[in-house]
Amino acid sequence: MRLHGTNNLLLRDFVMTDLIAYQQLRLDKKFARFYCDDVVSKIQSEKLLNRFIAQANAQPRVSYQFAIEHGAALVGSVGLRRVDSGCYSFGIELGREAQWKGIAFNAASMMMDFAFNKLGAQVVFAQTFERNVAAIKLGQRLNMQTVWQSDQTTEVKGITSRIALLRINQNQWKQHLATNN
């Protein structure tokens, strides 16, 4: 499956030839700062890639993890996973070279449009560390609302943070599109 965006942005299903680029993207120190080392290892990245390929071939398909391709380069991934009827979990990861160029916003917008207009989602939510300011700001730009912050903290690489849950429903997405187009 392929979703074409603007400015040479393409969302597409992963293939095995993406493995080396995907591993390199996830091994970058800045990228890996929110993850335990074993989560971004070459082995774990290969397992994830294999899972994404299997999900793309599943019938019925309930999970969508697309490679974000900008120009000819793999720069990240973006996904939706069905949690319940009409409810999807959203996530995005972007390599350092692609950050702060509008790629995350464009890819996330494409996925929201796909969720609400193609999959019939009623609600999309995302979880992130409260200290992941870029993810929180991306959610806000998409018109997502922070609906919950855990009282408990999680520690990764010696840094403690709470978990934040962001949420958007179909009507909020339509309002976002109406005010931003």
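Residues are numbered from 1 along each chain as its sequence is written, and side-chain values use heavy atoms, with hydrogens and water left out. Because the model is predicted, local features need pLDDT of at least 70 and side-chain atom pairs count only at pLDDT 80 or more, while totals for chains, interfaces and linings use all residues.

**Aromatic rings**

The structure holds seven aromatic pairs. Rings of Phe, Tyr and Trp (its six-membered ring) pair if their centres lie within 6.5 Å; planes under 30 degrees apart count as stacked, over 60 as edge-to-face and the rest as tilted. Two of the pairs involve Phe66:

| Pair | Centre to centre | Angle between planes | Kind |
|---|---|---|---|
| Tyr64 and Phe66 | 6.2 Å | 50° | tilted |
| Phe66 and Phe114 | 6.0 Å | 70° | edge-to-face |

Tyr64 has 8% relative accessibility and therefore counts as buried; the term means under 20% relative accessible area, with exposed over 50% and partly exposed in between (1.4 Å probe, protein chains only). Phe66 is buried at 0%, and Phe114 is buried as well.

Helices (H or I, at least four residues) and strands (E, at least two) are DSSP runs, numbered from the N terminus. Phe66 belongs to strand S3 (residues 63-70) and Phe114 to helix H3 (residues 103-118), so their pair ties together parts that are 48 residues apart in sequence.

Elsewhere, Phe14, Tyr22 and Phe52 form one aromatic cluster.

**Nonpolar cores**

A nonpolar core is a set of buried Ala, Val, Leu, Ile, Met, Phe, Trp, Tyr and Cys residues joined through side-chain atoms within 4.5 Å. The largest one has 34 residues, and those with the most contacts inside it are Leu11, Ile68, Phe90, Met111, Met112 and Val124. Among the elements that each supply at least two residues of this core are strand S2 (9-13), S3, strand S5 (87-94), H3 and H4. H3 gives the largest share, ten residues.

Leaving aside neighbours within four places in sequence, Met112 is in contact (heavy atoms within 4.5 Å) with Phe90, Val124, Leu142, Met144, Ile168 and Trp173.

**Helix H4**

The buried residues of helix H4 (residues 133-141) are Ile136, Leu138 and Gly139. They cover an arc of only 160° around the axis, so they lie on the same side of H4; the arc is that of the directions from the helix axis to the C-beta atoms. After H4 comes Asn143, whose phi is positive, near 80°.
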